[in-house]
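Have the structure open while you read.

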Amino acid sequence: MAKAKAPAARSTNTRSEKTARGPAKTAHANGHANGHASGHAKQHVAAVTPAASAAGRGWDYAPAPETVKVAIAERYGHYINGRFVESAGGGTFETINPATEAVLSRVADGTSADVDAAVGAARAALGAWQALPGAERGKYLYRIARRIQERARELAVLETLDGGKPIRESRDVDVPLAAHHFFYYAGWADKLAYAFPGVREPRAVGVCGQVIPWNFPLLMAAWKIAPALAAGNTVVLKPAETPPLTPLRLAEIFHVVGLPAGVVNIVTGAGATGAAVVNHPGVDKVAFTGSTEVGKRIAMAVAGTGKRLTLELGGKSANIIFDDASIDQAVEGIVEGIFFNQGHVCCAGSRLLVQEGVVDEVVRKLRLRLKSLRVGDPMDKNTDLGAINSRAQLEKIRHYIGVGKDEGAELFEGGAGALPSRGYFCKPCVFTGVQPAHTIARDEIFGPVLTVMTFRTPEEALLRANNTPYGLAAGVWTDKGSKVLHIARKLEAGVLWLNTYNRFDAASPFGGYKESGFGREGGLHGLKPYVNVDA
């Protein structure tokens, strides 16, 4: 999940007045468009510290729970050849609400036989789908996009229940962007002959095996399926095992809009199921989003097979604050960059580089801002940080927090109030006194953990920003246009945000360099891996 987004003031939330003693202090940030990837900067039109609230001098938020009830079946099968079917092996696994630890449903655990059936269905459907005029394929994508919009609230609730992210983020980011990608690539379906200079008749690659991660299940499915279908390919999709429900609900949408059987097949399961998709000889193109470790194994498996491959892997992105930046705006961008989706974002701005002259001011304002972040029920519209996706991921985050303290960094934990007694929750964390050699400054933690380091000159900022095996994204904050261009040209990152962070658009390519993968998703660049252009 290039993207660009600017921090903004959040929508007004339900709140209860604790007292009438004077007006609450108001903190506004810049407004944004629909592509804004989170709501931390958007939300707080007014804020008081928890201490002030407790002392009766301010106000606190009243509960604002999402009230829509979504039907969830007790059991889900694979979606193969236009039908939901049980696993050939009969196995299932539980999918759990990470905020309550309650079991939501049981989902089919895919085997190699299931993958073989899905690839066979995709191969059988390929000829007719590829032969369909581009305008007709586009109509199906338009129908899918419109149906996503019609069922937006249902999809947002399901995404939050199954994945733990705040309902506001599911509602305002994930679902609208998923629809946006289908709308965008529907427009390309009948224009392929004009998309690539010198190539008048681009052809589909064939059957595409796609493996997506657990942090954005619906949006990642849209990222991968939409360009593949627009180009005339068929798809076998393997969602992550922890939140598989929205991709399966997307399969229901495919069925409702009349997408021909076999054009999209969804096989659920764990890592072995994904490996079966990648290694299947009937797959012509592999697209993977996930960890760098798994991406390396996939690259070795695909090497020499003739399969096309795109990888969007991990990151340890730098967010660079110069002393001439608008500090208040930058602080909102910092919060947006690392705490969106609890830090479960491959391009999260997890390394904060601050010029020495303003580091004290930035850290002071950042700590104050963290005290106002609400950690809790993801279904509450006031929540800033929801639940960590799984117990295993929470334990990993806690491990890195312990390592950071052991290595001598100073930990500050934010969050307004205590954590819920049940579920997988973690307070937003900021480490200061971090050195580039520290483990927390090198490893991708994939959680709400920010490391703060300093620099003196632009050259030192570049040196530290590029001192990583990753190269997915970076942010730069300054009011000097010449400095922006100078730094941007020398940053080794696939996506750059300038005076903003985490803004996404279907028309912008996204992807990385070095160990963050290769290939692009989104925009015309994201269409190219799904067509043969060797005319």
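## Aromatic pairs

Rings of Phe, Tyr and Trp (its six-membered ring) count as a pair if their centres lie within 6.5 Å, with planes under 30 degrees apart called stacked, over 60 edge-to-face and the rest tilted. Keep in mind that this is a predicted model. With that rule, W497, Y501 and F504 come out as one aromatic cluster, and a search of the whole structure turns up eleven aromatic pairs.

Take F216 and F340: their ring centres are 5.8 Å apart and their planes sit at 40 degrees, so this pair is tilted. F216 is in the loop between β9 (207-211) and α7 (217-230), while F340 is in the loop between α11 (327-339) and β15 (351-355), so the pair ties together parts that are 124 residues apart in sequence. Both ends are tucked away: F216 is buried at a relative accessible area of 2%, and F340 is buried at 1%.

## Charges over rings

R143 lies over the face of Y140, 4.8 Å from the ring centre. Over at Y530, the charged end of K285 sits above the ring, 4.8 Å from its centre.

## Nonpolar cores

The largest nonpolar core takes in 109 residues, and F182, I225 and I321 have the most contacts inside it. Domain 2 (75-313 + 518-532) and domain 3 (318-505) both contribute residues, so this core lies between them. What does I225 touch, leaving aside its neighbours within four places in sequence? The list is F182, Q210, V235, L237, L250, F254 and V264.

Another core lies apart from that one, with 29 residues, including I388, C429, A461 and L462.

Is strand β18 (residues 449-455) largely enclosed or open? Six of its seven residues are buried, so the rest of the structure largely encloses β18.

β18 runs parallel to β15, and five bridges join the two; there, V354 stands opposite T454 of β18. β18 also pairs in the parallel sense with strand β17 (residues 429-432), over three bridges. In that pairing, F431 stands opposite T451 in β18.

## A threonine in α9

T273 belongs to helix α9 (residues 271-279). At 2% relative accessibility, T273 counts as buried. Not counting residues up to four places away in sequence, T273 touches D109, G110, V115, K238, V267 and T268.

Most residues other than glycine have a negative phi.

You'll find N502 in the loop between β21 (495-498) and β22 (513-514). At 0% relative accessibility, N502 counts as buried.

Terms used:
Residues are numbered from 1 along each chain as its sequence is written. This is a predicted model: local features need pLDDT of at least 70, side-chain atom pairs count only at pLDDT 80 or more; totals for chains, interfaces and linings use all residues. Side-chain values use heavy atoms; hydrogens and water are left out. Helices (H or I, at least four residues) and strands (E, at least two) are DSSP runs, numbered from the N terminus. Buried means under 20% relative accessible area, exposed over 50%, partly exposed in between (1.4 Å probe, protein chains only). A charge sits over a ring if NZ of Lys or CZ of Arg is within 6 Å of the ring centre and within 35 degrees of the ring normal. A nonpolar core is a set of buried Ala, Val, Leu, Ile, Met, Phe, Trp, Tyr and Cys residues joined through side-chain atoms within 4.5 Å. Domain bounds come from an automatic or database domain assignment. Contact means heavy atoms within 4.5 Å. Two strands pair if DSSP finds at least two bridges between them.
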